[in-house]
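User: Please go through the terms used to describe this model. For each one, set the value against the cut-off.

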Amino acid sequence: MGSILLVAGARPNFMKIAPILRVLESRGPTVAATLVHTGQHYDTAMSEVFFEELGIREPDANLEVGPGSHGEQTGRIMVSFDRFLQDQARPPRGVVVVGDVNSTAACALVAVKRGVAVAHVEAGLRSFDRSMPEEINRIVTDALSDLLLVSEPSGLDNLQAEGVAESRVRYVGNVMIDTLVHQLPEARALATVARLGLRPKEYALVTLHRPSNVDERERLTALAGFLTHLGERLPVVFPVHPRTDRKLREFGLRSALAEARGVTFLEPLGYRENLGLLAEARVVLTDSGGIQEETTYLGVPCVTLRTSTERPITETAGTNTVVGEDLGRARSAVDRAVAGPPPRNEPIEGWDGRAAERVVNALLESW
Ligand code: UD1
């Protein structure tokens, strides 16, 4: 039988792939796994560091597609992945794609066109905002996948509402939380908080990279002003995504923000350093999807600087507040986090450190 092929492309994929690969490779010699890195993310800080820290082995192939417009990048991934599949002596037993990045949708499309079964991990999430490139990737990938592996209850509702047959859907829980549970002791042991001269629960951690927040001058200027003010009352730690860094420079905002009182600018962090900072933050401000989930699990207040979330469980059972574009609402949410008691978080089914085992069981039962 052919191997099970896992696709990883961009930073948020790596923490989802790591536990699935570990479980697959623990199932003995009858289950072979092939790992393909598309090269969507390529900087050491955006890719290699994660492979090292998460113990992900060398990929069997790196397609080295690099950056580009969405059409260009997606197209390059498709051409390269198609050639890769064509060159295999035996077709894979199935292809596993995770999350919602361009690599996810591109490889799903190539695989189904070659008659190879596809499983989508993190299926069914919807922001209902088609201006987000990730929403398009989610819709396309779910439409094409044979097996839809769902991480939170809204995913089941969304797929049912779209008329997806129940036989294609399994609730497996959240593989990213597997990685968090596995890595948290080592993340704490790094003592990143103390190393940065911070005190636990006395700083804000900020991450921003969505085009809707960083690509337009007016919005990014407003956010930079907001963070400058925030730094005057609470230390702000800001690991800057390459896209955001480029835009801050382009709009002439970078040096004032980097030098603002109370603001610490950092290069993109590795997984453990970031997790160590997340776990001890007073409040996290973000536009990331994964961080909304990680803060929910950790019980840390999260202020999401977006108009929607595809992860509504983080608001209903978790610690997340989606504040939209209104920075007044963001300020109030930060005030509540600073003044109030820690928010309550309820346990979520399948966010238990064992989701990858359920993923692998579902794959082996189906393929
Ligand atoms: C991608 C994902 C997004 C995810 C994010 C996490 C899509 C549509 N978007 O967005 O869902 O939340 O990754 O990071 O797939 N760059 C580098 N080095 C790198 C990678 C990127 O310098 O290793 C720069 C390049 O200039 C590139 C820009 O960042 O043009 C954006 O990278 P890209 O992969 O296109 O999208 P992200 O914004 O990272």
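Analyst: A residue is buried if its relative accessible area is under 20%, exposed if over 50%, and partly exposed in between, with a 1.4 Å probe and protein chains only. Both Phe14 and Phe51 are buried, so each has a relative accessible area under 20%. The model is predicted: local features need pLDDT of at least 70 and side-chain atom pairs count only at pLDDT 80 or more, while totals for chains, interfaces and linings use all residues. Numbering runs from 1 along each chain as its sequence is written, and side-chain values use heavy atoms, with hydrogens and water left out.

User: How many aromatic pairs are found in the whole structure, and what makes Phe14 and Phe50 a tilted one?

Analyst: The search finds 4 aromatic pairs. In the pair of Phe14 and Phe50, the ring centres are 6.2 Å apart and the planes are at 45°. Rings of Phe, Tyr and Trp (its six-membered ring) pair if their centres lie within 6.5 Å; planes under 30 degrees apart are stacked, over 60 edge-to-face, and the rest tilted. The values 6.2 Å and 45° therefore give a pair that is tilted. Phe14 is in helix H1 (residues 11-25) and Phe50 in helix H2 (residues 48-53), 36 residues apart, which makes this a link between distant parts of the chain. Both Phe14 and Phe50 are buried.

User: Why is the pair of Phe14 and Phe51 called edge-to-face?

Analyst: The angle between the planes is 65° and the distance is 5.0 Å centre to centre. Phe14, Phe50 and Phe51 are linked by ring pairs into a cluster.

User: What makes helix H14 largely enclosed?

Analyst: Helices are DSSP runs of H or I with at least four residues and strands are runs of E with at least two, numbered from the N terminus. Of the 10 residues of H14, 9 are buried, so the rest of the structure largely encloses this helix. Among them are Ile291, Gln292, Glu293 and Leu298.

User: Which atoms of His41, Asp43 and Arg246 lie by the ligand oxygen atoms, and at what distances?

Analyst: For His41, a side-chain N or O atom is 2.8 Å from an oxygen atom of the ligand. For Asp43, a backbone N or O atom is 2.9 Å from a ligand oxygen. For Arg246, a polar side-chain atom is 2.5 Å from a ligand oxygen.

User: What lines the largest cavity?

Analyst: The lining includes Lys16, Glu122, Ser151 and Met176. Strand S5 (118-123) and helix H7 (175-189) each give two or more residues to this lining. The volume of the largest cavity is about 30 Å³.

User: What is the volume of the largest pocket, and which residues lie nearest its centre?

Analyst: The largest pocket holds about 1,200 Å³ of space. Its lining has 44 residues, with Pro12, His41, Met46, His209 and His241 nearest the centre. H1 and H14 are among the elements that give two or more residues to this lining.

User: What makes one space a cavity and another a pocket?

Analyst: On a 1 Å grid over the protein atoms alone, a cavity is a set of points where a 1.4 Å probe fits but cannot get out; a pocket is an open set with protein on both sides within 12 Å along at least five of seven lines, and lining residues have an atom within 4 Å of a point.

Technical notes: Points joined across faces, edges and corners; volume = space filled by probe spheres on them. Polar contact = N/O pair within 3.5 Å; in protein donor to acceptor, adjacent residues only side chain to side chain.
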